[in-house]
Amino acid sequence: MTHAMLKGSNVPLQATTVRAVLRWTPGSGAPDIDASALLLGPDGRVRSDEDFVFYNQPRHPSGQVWRLGKKRVAEGLTDTIQTDLSRVEPSVGRILLVASADGVAFDRVRSLRILVHDAASADAEPLAYFDVKPETGQETALICGELYRRGDGWKFRALGEGYSNGLKGLATDFGISVDESEGAEDPLSAPRSEPAFPPAQPGPAQTPAATTAQTAPAQPVVGPEQPTTVQPLPGASRPLPPEQPAGVPAQPAYGFPQQPPATQPAYGYPQPAGAPGYGYPQAPAAPADAQSGYGYPQPVTAAPDPDFRMPPQGPQFVGR
């Protein structure tokens, strides 16, 4: 069950290792947020400067409190402090969880929230969360909450206490020594050991060859001219038949031999014999030496029969 907490409320923790996640929404003009932790002794102050865990000192010497760093998530950006409560030194009674805005006021920070997770169940719902709202809006550092001992266990308390003099002023109030003399080595003023914003997730890798293939259109290769080859049409792979000689009809009748075309006979020349009359005997052909009329063959006259007699004539023909 997740506890939605109000300022000043507390909740017991059953987990042995907890993860305190600061989450906010980036935007135009919004500052970057850094998570840090201060380990306090019985007097409410750090035992040494080593009790300050932040971006230039991300791990406590005991190894039980460390900074995981920033990530981009669906809801925005996060920065995380993780603590193994079961192994924290007995002299440490409180661990402050701090957010700083790198010198920019928190009135520009949107949707700042601290979430406490059981580190052994990273995908589970948070144990508790608290929406941090600055009181004046001019704060540049905020104590979002604290982990503190209660008997043999630990609890988390929601705080939301602000500082207008930034992370350096907050750390000084709890005993961190900050030497501001010229040439002094100050870990808070030293350059960051990591970029302020986590890098954006890269897209799918593309090799130069693949990128070129996508951006540059393919150019045709110009070479010497080649002779044009006519491709045969489908079904035209068989050779054509040879041309027919002159005098043969272009389209003969199907399956029958053809006759030569009829010609007009010249006048006065013998004609071919006509077709015989159906059912009648035909006259014999004239011999080659028979006399013929002009231009026409003549029929052969048979010799008179000596026994031929005229039939008797009627009376109407007698005496005439």
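**Pocket, sheets and cavity**

Modeller: The model is a predicted one. To begin, its largest pocket has a volume of about 380 Å³. Lining this pocket are 15 residues, of which V21, K71, V73, T78 and H117 are the closest to its centre.

Colleague: Which strand gives the largest share of the lining of the largest pocket?

Modeller: Four strands each supply at least two residues of that lining: β3 (17-25), β6 (65-73), β7 (76-84) and β9 (110-118). The largest share amounts to four residues, and the strand that provides it is β6.

Colleague: How many residues of the lining of the largest pocket are charged?

Modeller: The lining contains residues of each class. Six are nonpolar and four are polar. The charged residues number five.

Colleague: In the open sheet with mixed pairing, which are the edge strands?

Modeller: This sheet has six strands, in the order β1-β10-β9-β3-β7-β6. An edge strand pairs on one side only, and the two that do so are β1 (3-4) and β6.

Colleague: What stands opposite K70 in β7?

Modeller: β6 and β7 form a hairpin, with two residues between the strands. The two run antiparallel and are joined by eight bridges. Within this pairing, the residue opposite K70 is D79.

Colleague: Is β7 largely enclosed or largely open to the outside, and why?

Modeller: On one side β7 is joined to β6, and β7 also pairs with β3 in the antiparallel sense over eight bridges. In the latter pairing R19 stands opposite Q82. Burial here means a relative accessible area under 20%. Nine of the nine residues of β7 are buried, so the strand is largely enclosed.

Colleague: How many bridges join β3 to β9, and which residue stands opposite L22?

Modeller: β3 and β9 run antiparallel, and seven bridges join them.

Colleague: Which residues of β10 stand opposite R113 and L115?

Modeller: β9 and β10 pair in the antiparallel sense, over four bridges. Opposite R113 is D131. Opposite L115 is Y129.

Colleague: Which residue of β8 stands opposite A35?

Modeller: Strand β4 covers residues 34-40 and strand β8 covers residues 94-100. They pair in the antiparallel sense over seven bridges. The residue of β8 opposite A35 is A99.

Colleague: How much space lies in the largest cavity?

Modeller: The structure holds one cavity of 30 Å³ or more. The space in the largest cavity is about 40 Å³.

Colleague: Which strands each supply at least two residues of the lining of the largest cavity, and how many charged residues does the lining have?

Modeller: The lining consists of A20, L22, A35, S36, I81, L97, V98 and I114. By class, seven of these are nonpolar and one is polar, with no charged residues. The strands that each supply at least two lining residues are β3, β4 and β8.

Colleague: Is E139 buried or exposed?

Modeller: E139 is placed in the loop between β10 (128-131) and β11. Its relative accessible area is 6%, and the limit for burial is under 20%. E139 is therefore buried.

Colleague: Beyond its neighbours within four places in sequence, which residues is E139 in contact with?

Modeller: One of them is Y163, which is 24 residues from E139 in sequence and 5.1 Å from it in space, C-alpha to C-alpha. With neighbours within four places in sequence left aside, the contacts of E139 are V104, A105, F106, P134, G162, Y163 and S164.

How values were computed:
Residues are numbered from 1 along each chain as its sequence is written. This is a predicted model: local features need pLDDT of at least 70, side-chain atom pairs count only at pLDDT 80 or more; totals for chains, interfaces and linings use all residues. Side-chain values use heavy atoms; hydrogens and water are left out. On a 1 Å grid over the protein atoms alone, a cavity is a set of points where a 1.4 Å probe fits but cannot get out, and a pocket is an open set with protein on both sides within 12 Å along at least five of seven lines; lining residues have an atom within 4 Å of a point. Grid points are joined across faces, edges and corners, and a volume is the space filled by probe spheres set on the points. Ala, Val, Leu, Ile, Met, Phe, Trp, Tyr, Cys and Pro count as nonpolar, Asp, Glu, Lys and Arg as charged, and the others, Gly among them, as polar. Two strands pair if DSSP finds at least two bridges between them. Buried means under 20% relative accessible area, exposed over 50%, partly exposed in between (1.4 Å probe, protein chains only). Contact means heavy atoms within 4.5 Å.
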